[in-house]
Structures are given as structure tokens and as C-alpha cells.
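Hi,

Here is the structure I promised to pass on.

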Amino acid sequence: MAQSLTSQQNVWLEARSIRGESTTLIDQLFNRLDGMYPQRWRSAFADTNAIRNWREAWADALADERITPQQVADAVRACRRKYDWPPSLTEFLKLCSPPVDHEAAFREAVEQMRQRDNGTDKWSSPAVYWAAVEFGSWELRQASWDRAKARWTRILDEQLAKGELPPVPPRMD
């Protein structure tokens with residue numbers, strides 16, 4: 001059986017000082033969901049063991065999926081719009097990583113590579129930038145979505161699968 005990530009280093013379970021109190025990211029998430037779904041959330045936990053099981057399962061899943069705190073914050077906001085009841089772990093993970101719109105990312109890459117010429121580029125994600133670099137600036141400017149679709153999709157998916165990527169570097173003259 002695979003060893004639980006909770007027994008290894010897991011950023012979601014590391015104690016940190018937030019507003020002068022020591023807490024963890026997973027406890028912050030628990031508290032946020034408790035605040036959003038006060039009666040419905042707490043009723044799912046019969047005892048402290050149930051809360052501990054929730055913490056370990058969700059922390060492991062968030063770490064396994066390489067979910068960032070920003071993705072969790074975005075998912076919490078999406079919960080308010082989407083769910084009247086607290087989400088399951090799988091529902092929450094889907095909110096953390098919404099499906100990629102490859103065509104929109106391609107169009108962004110084409111436009112931002114043009115903007116990069118004068119230093120005014122603004123990228124939604126390092127993955128889109130690094131996919132654009134790998135695809136090639138000249139090729140981006142020449143290709144239509146229909147011709148580029150298969151190659152662009154493969155390259156962007158490869159970049160996204162890497163997880164943490166270097167930030168978009170400043171433009172060099």
C-alpha cells in the first residue's frame with residue numbers, strides 16, 4: 001500500500017502563522033467551507049476522527065494533484081456559485097482544475113507574442129507562455145487554429161502536466 005502523504009512533507013499540513021495565529025492551509029479550507037455551509041458542513045463530521053480523516057484525505061489529494069493555494073481560493077469562490085451543499089472531494093478537485101480551453105489559450109499566445117514585441121505582454125499562465133515559446137513565435141503568427149490545434153494542444157498539455165513552471169521572464173531587447 002502506498003504511504004500516505006500526510007506522513008511525509010505536505011504543504012497543506014504545515015503550520016504557519018496567519019493573522020497572528022498558527023494554522024495550516026487545510027484547516028483554513030475546513031474553516032472556509034464551515035463558514036460557507038455552516039450546518040451542512042459540520043453535520044458531515046460525527047467526531048474528531050472524522051475531521052482528521054477529512055484533513056488527511058483532502059491534504060493528500062491536493063498535494064497529489066499539485067493544487068496550489070490560489071487554485072483552492074478560486075475553487076472556494078466557484079463553490080459559492082455552484083453548490084448549495086458542500087462539495088465532495090472529487091467535485092472540489094474539478095473546481096481547482098477546470099478544463100483547459102485550448103483554443104482560447106492559443107489565441108492568447110498569438111496575441112501576447114505580438115504584445116511581447118513592445119513589452120506589453122500579460123500572460124494568464126506561465127504554461128501558456130512556455131507552450132508559446134516551444135511552439136515558436138513565428139509559427140504562432142502564421143498558423144490558424146485549425147492547422148495548429150493538434151500540435152498546440154499537445155504542447156500546452158505537456159506544459160500543464162509539469163505543474164510548477166518558471167515564471168514568464170521579462171522581455172529581453
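This is a predicted model: local features need pLDDT of at least 70, side-chain atom pairs count only at pLDDT 80 or more; totals for chains, interfaces and linings use all residues.

Residues are numbered from 1 along each chain as its sequence is written, and side-chain values use heavy atoms, with hydrogens and water left out.

**Cores**

The largest nonpolar core has 25 residues, and Ile26, Leu29, Trp54, Leu62, Val72 and Phe92 touch the most other members. (A nonpolar core is a set of buried Ala, Val, Leu, Ile, Met, Phe, Trp, Tyr and Cys residues joined through side-chain atoms within 4.5 Å; buried means under 20% relative accessible area, exposed over 50%, partly exposed in between, with a 1.4 Å probe and protein chains only.) At least two residues of this core come from each of α1 (25-36), α3 (48-64), α4 (69-82) and α5 (89-96). Helices here are DSSP runs of H or I, at least four residues, numbered from the N terminus. Apart from this core lies another, of 20 residues, including Val128, Ala132, Ile155 and Leu165.

Phe30 sits in helix α1 and is buried, at 6% relative accessibility. Leaving aside neighbours within four places in sequence, Phe30 contacts Trp41, Arg42, Phe45, Ile51 and Trp54, where contact means heavy atoms within 4.5 Å.

**α6 against α7**

These two helices pack at an angle of about 75°, with their axes 10 Å apart. (Axes are lines fitted to C-alpha atoms, for helices over the stretch in contact, and angles run from 0 to 180 degrees between N-to-C directions.) α6 and α7 are therefore roughly perpendicular to each other, a label that covers 65 to 115 degrees. From α6, Ala105, Glu108, Ala109, Met113 and Arg116 meet Val128, Tyr129, Ala132 and Val133 in α7.

**α9**

Helix α9 (residues 145-161) has a kink of about 35° centred on Arg151, the bend being the angle between axes fitted to the seven residues ending there and the seven starting there. Its buried residues are Trp145, Ala148, Trp152, Ile155, Leu156 and Gln159, and their cover includes α6 (102-116), α7 (126-135) and α8 (137-142). Just after α9, Gly163 has a positive phi of about 80°.

Cheers

Methods. Angles under 35 degrees count as roughly parallel, over 145 as roughly antiparallel, 65 to 115 as roughly perpendicular and the rest as oblique.
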